[in-house]
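Here is a short report on a protein model.

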Amino acid sequence: MEGVSVAKIAKKLQLKTFTTEMDLKNHRITLADVNRPALQLSGYFEHFQQSRVEIIGTVEYTYLQQLDDARRDEIYKKFLSYDIPCIIFCRDFQPDDLFLKRALENNVPILGTARSTSEFMAELIYLLSEALAPCITIHGVLVDVYGEGLLITGESGIGKSEAALELIRRGHRLVTDDVVEIRKINEHTLVGTSPDITRYFIELRGIGIIDVKTLFGVECVKEKQTIDLVIKLEDWKKDNEYDRLGLEEEYTEILGNKIVCHSLPIRPGRNLAVICEAAAVNHRQKKMGYNAAQELYRRVQENLTKHDDEE
């Protein structure tokens, strides 16, 4: 079903329900944007986006309180006639009986929170952006290594789960094994999570399924992680050309976002966990402004210039 249910949002944000007669699971939110309906409550409904969650803060609430009953009822009838997913009162404001009556007549859920309006809106928008984000599922392993989200991909049986297990033993955290659900939060952020059914499980060929959370403790698992780097494992091929300097970054595209990608050839004797750690730290260093390959190139150029001058 399209969108996210009002019941799920109410549970996550611990909202109180004023319209207890309604089943919130049947009401869906399809937009991450929210609206403060000050203009609508004053009678201006041009360009009103009724699919947004409506937030009642101090301005809206105090404006309604100063109106006489007839005018207030007129506004309620008009405002609540729209197909609004839900209306949330902030700062512990209480909807009056007439508001609740019109809401029930038009099947509009009314919720409430004690939190300040701006703070609550910021968290609500983030939560909705995550819940409604475009999502794909890919085959791979996602691990948090020194705060960097490493997505390890490759053909089945190449050693992704074994590399993840070794990283976990070295103190890093597993997000998901085998199936990675990736959501595009915005133009710069991809977040990976695990399907509920396989969360914190790893499959090791020859052993079977192991529960990382039970075996290694809660400090070795994580519910979600931004994806910062992709490590693509592939069989070593003698005739292939492999990047040995890293002057130019290679990228892979996921949901329209470009993510740095390293192709890692596999052969006996290579410690995948150590290489993945080095890749994560190196990527973090690049984000902080230092590139070892460029530094080597600069030193070589300086050395050549120095020799030319001496001659």
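## Helix 10 and its surface

Leu304 sits in helix 10 (residues 292–310). Helices (H or I, at least four residues) and strands (E, at least two) are DSSP runs, numbered from the N terminus. This is a predicted model, in which local features need pLDDT of at least 70, side-chain atom pairs count only at pLDDT 80 or more, and totals for chains, interfaces and linings use all residues. Residues are numbered from 1 along each chain as its sequence is written, and side-chain values use heavy atoms, with hydrogens and water left out.

Leu304 is partly exposed, at 45% relative accessible area. Here buried means under 20%, exposed over 50%, and partly exposed in between (1.4 Å probe, protein chains only). With Leu296 and Val300, Leu304 makes a nonpolar surface patch of about 250 Å². Patch residues have over 30% relative accessible area and no salt bridge; nonpolar side chains (Val, Leu, Ile, Met, Phe, Trp, Tyr) are joined within 5 Å, like charges within 9 Å. Areas come from the Shrake-Rupley method with a 1.4 Å probe.

Helix 10 also holds Arg299 and Glu295, four residues apart, about one turn of the helix. Arg299 is exposed at 52%, while Glu295 is buried at 18%. Salt bridges that share partners join Glu295, Arg298, Arg299 and Glu302 into one network.

## Salt bridges

The whole structure has 22 salt bridges. Each is a side-chain nitrogen of Lys or Arg within 4 Å of a carboxyl oxygen of Asp or Glu. Three of them are tabulated.

| Pair | N to O distance |
|---|---|
| Glu277 and Arg170 | 2.9 Å |
| Lys286 and Glu249 | 3.2 Å |
| Arg299 and Glu295 | 3.1 Å |

Glu277 and Arg170 form a salt bridge. This pair links distant parts of the chain, 107 residues apart: Glu277 is in helix 9 (residues 272–287), Arg170 in the loop between helix 7 (160–169) and strand 10. Glu277 is buried at 9%. Arg170 is partly exposed at 39%.

Lys286 is buried at 19% relative accessible area, and Glu249 is partly exposed at 25%.

## Backbone

Most residues other than glycine have a negative phi. Asp178 has a positive phi, near 80 degrees. Asp178 belongs to strand 10 and is partly exposed at 33%. Tyr200 also has a positive phi, near 70 degrees. Tyr200 is in the loop between strand 11 and strand 12 (201–204), and is buried at 14%.

Ile56, in strand 5 (residues 53–56), is buried at 0%.

## Cavity and pocket

On a 1 Å grid over the protein atoms alone, a cavity is a set of points where a 1.4 Å probe fits but cannot get out; a pocket is an open set with protein on both sides within 12 Å along at least five of seven lines, and lining residues have an atom within 4 Å of a point. A volume is the space filled by probe spheres set on the points.

One cavity reaches 30 Å³ or more. The largest cavity holds about 40 Å³. Helix 3 (residues 58–65) gives the most to its lining, with three residues. Lining residues include Tyr61, Phe89 and Asp96.

The second largest pocket has a volume of about 490 Å³. Of its 18 lining residues, the closest to the centre are Lys8, Lys12, Glu130, Arg183 and Glu223.
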